[in-house]
Amino acid sequence: MRSTMKCLSLALVGLGFSAGLMAQSDLPENFYYTTLDNGLELLVVEDPSVPLVTVEIAVHNGAYTETPEYDGLSHLYEHMFFKANKDIPSQEKFLDRVNELGITFNGTTSDERVNYFITLSNSKLDEGLEFMNSAIRYPLFLQEEMTAENPVVDGEFQRAESSPTFFLFQDMSRHLWKDNYSRKNTIGDHDIILTATPEKMKIIQEKYYYPNNSIIVVAGAVERGHVEKKVKAIFGDWEKSDFDIFEKYPIPEFEPLAESESFITINENAQIPIIMVGMHGPKSMEDMKATYAADVFHTAVGLQSSRFQKNLVESGLAYQAGGGYQTLKHVGPIQMILVPNPMSFDACITAFEKEISMWADADYLTDEQIDAAKNQLAIQDVYSRESTSNFVHSLTYWWASANLDYYVNYVENLQKVTRQDMVDYVKTYIHGQPNVTGILLSPMMKQQMGMDKMDPISM
Amino acid sequence: MKKLIALAFLFIGSIHMYADNKPKTHEFEVEGVKVIFRESVKGTISARLFIQGGTNNYEKAQEGVENIALNLPMQSGPASMTKDSFNAAAEAVGASFGANSGYDYANISLNCVKMYWDESWDLYAKAITDPAWRQSEFDVFKNQMVANAKQAATNPDSHLDRMGMSKAWEGTNYAKFPSGSPESLEALTLEQVQEHYEKVVCKNRAFLVVVGDISKEDLEAKVKASLASLPTGEAAPALYAGEHVQEGLYVEDRDIETNYIQGMFDAPQKGTEESIYNSLALSILGDRFFQELRTKRSLSYAPAAYSTGYAGRPTNEIYISTTDPKASLDVMIDEVNKIKTEGFTSTELEGKKQKYLTGYYMGQETNSSLSMNLGVSELYGGWEKVDSFTESVLKAKVDDLNGVVQEYGDKIYWTYLGKEELVKPEYFQQPVKAEDLKK
């Protein structure tokens with residue numbers, strides 16, 4: 001963790017910006033980071049390759065802020081962004097304006113972030129910024145629009161439920177997070193969604209929708225000076241919170257699993273057995289070193305040339321085997337997926353456990369595989385930057401689940417990961433740690449395999 | 001690895017302003033291999049070898065053969081290398097290889113960073129020109145494909161689409177599943193796969209598209225040293241069959257949380273000006289669906305209308321997932337009839353043009369999507385259409401859009417996946433007929 005995040009607060013009074021948090025010298029040359037006086041972070045990414053601009057606003061909100069009574073309501077709130085506000089009186093008019101400006105828009109809700117984004121012609125940047133300002137600051141939450149939207153959001157839920165793997169993931173989540181399940185359950189609860197009220201939306205707004213809890217990223221064929229001036233003029237009077245948001249509404253600790261457990265998910269539409277293993281991984285801001293080690297380790301294990309892939313997939317024991325760590329501030333999960341060949345189910349489980357048991361061996365990965373994994377992660381970053389309109393989403397993901405500095409130094413820090421760092425990661429978070437093991441089966445598979453219970457994978 | 005760190009940040013900084021300049025594209029031939037090369041200043045390189053013929057290249061009983069035949073060499077590498085050494089070499093330079101076989105065409109792809117272009121191309125070209133056909137690797141890969149095919153059937157969208165194609169076009173090439181069914185894949189042998197590869201990967205069926213920051217001379221030399229050795233082979237038979245969508249309905253009962261509906265109807269031939277007007281028209285219809293079905297009536301999270309289909313079967317599709325099929329179908333057919341009888345407004349069209357161009361430029365952001373667009377345009381009438389697309393969109397008039405929706409699509413083939421007890425055949429109505437509109 002570099003110290004630049006906590007230093008430098010030279011107030012550039014004339015512009016209303018403080019050059020705080022991140023020094024420009026740390027950033028790629030086309031990135032320009034500033035913070036408005038009201039705490040709104042602004043990142044401009046200049047990329048003139050196509051005549052477009054993407055404006056994205058991300059907020060520290062999402063499943064992790066939800067108690068059971070609000071399970072799924074960050075997501076519903078996200079939907080209400082695209083409806084009536086003080087400048088646009090209804091969703092119909094909202095869509096008319098979208099049409100007039102030629103906007104492509106969307107929003108997403110995840111564990112620790114809600115983001116809203118539009119892409120439009122760079123010649124309409126100013127109108128785009130005004131459009132986003134009205135939507136983020138002045139939503140009306142009209143009762144009739146909520147009454148209409150609640151079943152739409154529930155319809156999104158039902159689509160997810162139409163796929164059998166959804167239930168495996170949900171069951172896994174319940175086992176992994178116990179009483180804090182709602183804080184990892186973005187899609188929510190049917191009853192909570194269908195009975196949501198404008199009052200609940202206003203409570204979310206009053207808790208989390210402040211400039212000092214948000215970032216705006218403007219990326220594309222734009223000129224930095226113009227963007228900074230316009231953003232200050234438009235968003236500069238957005239009032240910051242007069243309290244510390246996460247001190248007032250703290251995120252509870254996710255208690256470690258006491259012991260390993262397991263479950264079977266039965267779904268009549270399942271066609272092949274799928275095993276999932278879940279564990280509690282590092283918190284991004286508390287054990288950053290482990291997060292980098294985790295990314296390199298799981299990428300190396302997933303390489304086709306790795307012994308893990310050869311002994312499980314190339315051997316024919318499994319159709320698919322892999323895993324990964326999800327970077328999050330509040331306990332990122334480690335998840336592994338194994339699609340066993342049903343004809344050699346027991347041998348597959350034995351081989352899987354054997355491989356995991358060797359993960360902390362000094363020679364489990366070759367030097368070439370470790371280098372290749374680092375190389376792949378760096379190249380993925382290059383690819384992600386190619387499409388600026390998509391890259392913006394990655395930037396705000398890192399902003400929310402770690403911080404921008406984490407991302408800016410990501411590739412460099414991956415290169416520093418040593419074999420010992422990966423051994424430490426495995427020993428701290430995997431070996432000897434409790435896990436949750438689940439399997440998805442159809443009723444017929446369950447009967448044919450004679451499976452009444454699934455033993456947790458031995459770590 | 002230091003080299004790479006610097007590289008990662010260099011790419012964005014090295015993008016130059018070229019939006020105002022027409023990008024340079026070269027078309028040339030190297031010893032019988034047709035090449036389309038687009039210059040790009042981005043730091044990645046995308047190469048795709050397009051294979052023509054699609055589902056015309058094999059029989060229904062062998063569906064999936066092309067997908068396996070083109071993918072296996074990208075997994076196993078050339079005969080001169082073990083699978084291990086091939087994958088390790090690719091991983092070391094971060095090259096990614098893939099293949100996809102569809103209804104009209106297939107492509108074998110390479111994505112890499114400029115720094116490792118030489119090494120990446122070498123592996124890619126070797127795997128294409130001298131593929132290893134090893135029984136054990138085939139067996140493992142085939143089993144994975146069978147598992148994938150089973151898993152795909154659990155995804156309602158993917159299954160609905162497959163069912164729609166196979167039932168609407170029963171007895172034709174478009175009834176085949178390009179990725180194969182569990183049964184057809186199980187029956188495939190290594191010999192059949194190899195034989196198929198040798199038939200289709202030839203100069204008369206393949207052309208190469210490359211987008212990247214390299215020189216034409218470099219590319220010519222590379223093709224000459226590799227793909228030029230491919231056999232001449234036979235040209236792919238034409239795909240166009242000239243038949244139209246017929247009225248029909250296929251219902252598949254599945255106990256799931258919501259129900260999926262797709263309606264398919266005729267569209268103008270791909271690559272024509274009419275097809276652009278048609279795309280604009282369907283996109284506006286999609287916006288109306290959003291307003292009428294989602295915003296006003298809360299009938300669905302995901303109503304949609306779009307142009308789709310293939311060279312021989314240009315079609316449009318309307319789609320919804322809903323817990324109230326009857327009410328949704330009534331609104332959908334109403335909206336289809338409205339565009340046929342009342343047409344579009346100039347406000348709708350002008351906004352749509354701008355939005356369409358936004359989408360078009362977004363599709364130009366990556367070299368990989370550009371190489372795909374160029375190749376597909378070449379198959380549907382010429383790669384140049386990628387560059388004339390904006391002009392065609394801007395000159396579209398309301399009458400052009402009204403003309404195509406009146407002319408095409410008065411017969412819908414409906415496909416339904418969900419709770420059967422919620423629907424009756426009479427819910428699936430047909431739109432107003434073209435001859436009635438003329439009266």
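The centres of domain 1 and domain 2 of chain B, taken over C-alpha atoms, sit 29 Å apart. Domain 1 covers 2-229 and domain 2 covers 248-438, with bounds that come from an automatic or database domain assignment.

A quick word on what you are looking at. This is a predicted model, where local features need pLDDT of at least 70, side-chain atom pairs count only at pLDDT 80 or more, and totals for chains, interfaces and linings use all residues. Residues are numbered from 1 along each chain as its sequence is written, while chains are lettered from A and ligands numbered from 1 in the order in which they are written.

Back to the two domains. In chain B, 33 residues of domain 1 are in contact with 25 residues of domain 2; contact means that C-beta atoms, placed from the backbone, lie within 7 Å. On the domain 1 side, α6(B) gives the most, with 9 residues. By class, that side of domain 1 of chain B has 15 nonpolar, 10 polar and 8 charged residues. Here Ala, Val, Leu, Ile, Met, Phe, Trp, Tyr, Cys and Pro count as nonpolar, Asp, Glu, Lys and Arg as charged, and the others, Gly among them, as polar.

You will find 16 helices and 11 strands in chain B, which are DSSP runs numbered from the N terminus (helices H or I, at least four residues; strands E, at least two). Of its 439 residues, 52% count as buried, that is, with 20 or more other C-beta atoms within 10 Å of their own C-beta, all placed from the backbone.

Next, the partner chain. The contact takes 60 residues from chain B and 64 from chain A. Which helix gives the most to the side of chain B that touches chain A? That is α12(B), with 10 residues. The residues on this side of chain B divide into 24 nonpolar, 24 polar and 12 charged.

Let's stay with α12 of chain B, residues 346-362. Its axis and that of α14 of chain B, residues 385-395, come within 10 Å and cross at roughly 170°; axes are lines fitted to C-alpha atoms over the stretch in contact, and angles run from 0 to 180 degrees between N-to-C directions. α12(B) and α14(B) are therefore roughly antiparallel to each other, a label for angles over 145 degrees. Lys353(B), Tyr356(B), Leu357(B) and Tyr360(B) of α12(B) make the contact with Phe389(B), Thr390(B), Val393(B) and Leu394(B) of α14(B).

Notes: Parallel < 35°, antiparallel > 145°, perpendicular 65-115°, else oblique. Buried ≥ 20, exposed ≤ 12 C-beta atoms within 10 Å, placed from the backbone.
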